[in-house]
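Q: I'd like a close look at how the inside of this one is packed. Please start with the core and then follow the helices from there.

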Amino acid sequence: MSLSDVTRGGGPARVIKVDALARVEGEGALYVRVRNNEIRDLKFRIYEPPRFFEGLLRGRMYSDAPDITARICGICPVAYIMGASHAMEAALGVDVPRDIHEMRRLIYCGEWIQSHVLHAAMLHAPDFLGLQDALQIAAANPDLVKAALRLKKLGNDLMATIGGRAVHPVNTKVGGFYKAPSIEALRVLLPEVEWGLGAAETLLDAFSGFDFPDYDYDYTCVSLGNTTAYPIMEGDIVVSGGEAIPLDGFMDRYEEFQVAHSTSLHARPKDGSGPYLVGPIARYNNNFDRLSTRARDAARRAGLGPIVTNPFKSLLVRMVETIHALEEVRRIIEGYRGLAAPSAPVAVRAGTGCGCTEAPRGICFHRYELGEDGRIAKALIMPPTSQNQPQIERDLRGVVEKNLDMADEDLKWLCEQTIRNYDPCISCSCHFLELTIERE
Amino acid sequence: MAGARKPRLAVHKFASCDGCQLTLLDCEDQLLDVVGEIEIAYFLEATRQEIRGPYDVSLVEGSITTAHDIERVRRVRAQSKMLIAIGSCATAGGVQALRNTADIDALARAVYPNPEYFQTLTTSTAIQDHVKVDFELRGCPISREQLIEVVSAYLTRRKPNIPNYSQCMECKQAGTVCVMVAHGTPCLGPVTQAGCGNVCPSCERGCYGCFGPKEKANAKSLARWFEGSLGLSGRQTHDLYRTFNAGAPAFCEVGLAAIGEKTDETVAEVTR
């Protein structure tokens with residue numbers, strides 16, 4: 001693909017180009033054209049080659065969906081496994097008992113921990129220090145990077161203990177698990193969880209001293225909510241201000257649309273109310289009161305109020321959520337007495353079902369239509385990065401407008417950092433960044 | 001020559017989920033030591049720093065699905081002394097190779113309202129279908145231990161110890177009860193290359209073949225066993241063989257035969 005769809009303005013133009021956005025999962029590009037100190041055009045373009053998952057799922061058994069959709073993303077496979085499983089269970093009328101739900105929450109906490117720590121410490125933190133990567137942080141502060149790696153490993157160990165392996169776990173299925181995870185194997189992780197809580201607090205304290213770029217936005221936050229626990233797989237979809245939408249009503253209110261400059265579909269509310277935010281800040285803003293006391297105290301120490309409006313602080317929110325997830329891990333492991341049955345019985349029938357869970361990067365929505373034989377007639381998946389794309393463009397516009405006097409190289413880096421606020425998973429939304437800024 | 005330069009490692013991505021390159025970052029206990037021995041010259045998922053080629057070792061993830069990527073993988077090959085394909089996408093086209101035997105227009109229309117906005121090939125193919133590959137690491141995802149083994153072997157200039165026997169061997173070595181014999185659960189273990197650590201049978205689940213066909217796999221005979229002794233339908237046999245290594249010739253051919261379709265020449269061509 002080329003930039004031929006982008007109109008190049010007349011007159012001498014100043015051009016800034018990023019050929020490859022680093023420290024994100026995937027391939028993308030940014031084009032900005034500035035004239036008379038005004039942004040005339042701005043496009044965040046994703047050109048990850050399409051893999052057609054929704055098409056490939058047609059004709060496959062309902063039971064194949066969790067494992068196949070997991071391959072959309074190697075960083076958040078559990079999000080896909082759980083979203084697809086929930087949707088199938090809704091379509092087939094399967095009741096999942098409490099103990100299985102808790103064990104699913106436990107493996108999901110493992111995914112949040114590994115994904116959040118990877119992003120906050122290894123992919124995002126270098127930007128605030130003006131460094132190329134976490135290895136450069138390691139040269140200056142090896143203890144910080146060693147702690148982050150050890151914490152990330154704990155997340156992976158949880159996933160592997162429950163799921164058989166950390167990337168693309170195999171022990172999960174529609175209805176629950178193939179085999180009940182071992183009580184003993186989980187209990188031995190408890191001392192490490194205790195260490196992890198302290199380490200996550202230390203990392204948060206260190207990150208809270210960063211110099212955060214001056215930019216705020218009054219986000220429309222869309223996340224799960226309307227439930228007692230800090231949501232991972234529970235509740236309805238809520239919009240800032242408290243409106244709750246049941247999962248099967250979501251597609252009545254939101255739609256996907258395609259733009260010429262991206263292989264990722266974008267999402268928007270049908271009422272024309274504009275971009276919205278999903279992910280850690282949206283979850284946090286909608287559910288602050290549901291965080292554990294320890295997580296809320298850590299947030300306050302880091303200078304965060306109950307509503308976060310500076311997207312650069314998403315890195316702090318990720319660490320707050322990591323603390324909450326670690327406490328959940330401790331609670332679930334301490335209460336675990338084995339599963340009454342590894343999975344709930346599943347009977348095949350025709351039906352339609354929706355599932356939506358909080359991937360580390362935000363709500364990931366699935367809907368499937370099944371035939372009488374349990375084979376998939378139609379599949380729809382809305383990953384978080386597709387939903388965030390219009391908001392990423394809006395943030396970029398705001399950040400560029402505020403910093404037009406910056407030197408090209410600095411502005412380019414700030415734009416990259418703005419995109420990395422979202423921890424965009426471009427593999428998910430379809431994947432890398434090329435930035436072009438043209439200005440007179 | 002004085003002053004031994006550290007070998008330069010590059011990581012390249014084509015159509016994939018990023019899970020195999022993530023496996024490199026998942027080597028938490030070894031990562032800082034590896035970086036002591038190797039210079040990470042190009043690894044977009046982890047660093048902004050880009051050192052131009054040539055590279056001593058390139059790890060290549062993902063499959064080839066666009067004309068642009070055919071050109072790109074050729075450039076990667078030209079810049080790399082040793083090229084290692086990592087994961088099912090790079091070694092067999094990945095789950096997206098299901099498109100090779102499907103109607104691509106219908107697939108595109110099922111996902112995008114305006115498929116004309118982008119260009120894609122009708123096939124998803126392995127790296128070795130386009131350039132010479134020096135070593136393949138199987139798996140969906142690859143195994144962390146095998147990745148460390150292949151990098152260590154390179155550094156000490158020895159042959160990597162990567163087995164090409166079947167999953168069954170791994171189950172026997174681990175003392176895992178055979179799920180097919182004990183529970184009648186269909187399992188691709190007999191025809192699948194070892195290396196994952198027999199994760200599925202350890203969870204009392206049949207192997208789903210994510211490490212791809214072992215050398216000289218008798219996939220046809222196992223398909224007869226599925227249908228004759230375990231009562232699977234042709235469709236079920238097809239789906240088993242055609243998932244994460246859908247494009248691997250040994251699995252593709254037997255999978256298609258199970259639903260009465262022949263591997264036509266185009267498929268044979270793309271799946272080699």
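A: In this predicted model, the largest nonpolar core holds 167 residues, and Phe207(A), Tyr284(A) and Tyr368(A) have the most contacts inside it. Such a core is a set of buried Ala, Val, Leu, Ile, Met, Phe, Trp, Tyr and Cys residues joined through side-chain atoms within 4.5 Å; buried means under 20% relative accessible area, exposed over 50%, partly exposed in between (1.4 Å probe, protein chains only). Helix H4 (residues 98-129) of chain A supplies the largest share of this core, 16 residues; helices here are DSSP runs (H or I) of at least four residues, strands (E) of at least two, numbered from the N terminus. There's also a second, separate core of 18 residues, with Leu224(A), Met251(A), Phe365(A) and Leu380(A) among them. In soluble globular proteins, nonpolar side chains tend to be buried together.

Residues are numbered from 1 along each chain as written, with chains lettered from A and ligands numbered from 1 in the order written. Local features need pLDDT of at least 70 and side-chain atom pairs pLDDT 80 or more, while totals for chains, interfaces and linings use all residues, and side-chain values use heavy atoms, leaving out hydrogens and water.

Now follow Phe207(A), which sits in H8(A) and is one of the residues there that meet H12(A). The axes of H8 (residues 190-208) and H12 (residues 314-335), both of chain A, come within 9 Å and cross at roughly 165°. Axes are lines fitted to C-alpha atoms, for helices over the stretch in contact, and angles run from 0 to 180 degrees between N-to-C directions. H8(A) and H12(A) are therefore roughly antiparallel (over 145 degrees; under 35 is roughly parallel). On the H8(A) side, the contacts (heavy atoms within 4.5 Å) include Leu197(A), Glu201(A) and Leu204(A), and on the H12(A) side they include Met319(A), Ile323(A) and Arg330(A). By class, that contact has 15 nonpolar, 3 polar and 5 charged residues, with Asp, Glu, Lys and Arg counted as charged, Ala, Val, Leu, Ile, Met, Phe, Trp, Tyr, Cys and Pro as nonpolar, and the others, Gly among them, as polar.

H8(A) has another partner: helix H11 (residues 293-301) of chain A packs against it at about 20°, with the axes 10 Å apart. H8(A) and H11(A) are therefore roughly parallel.

How values were computed: Parallel < 35°, antiparallel > 145°, perpendicular 65-115°, else oblique.
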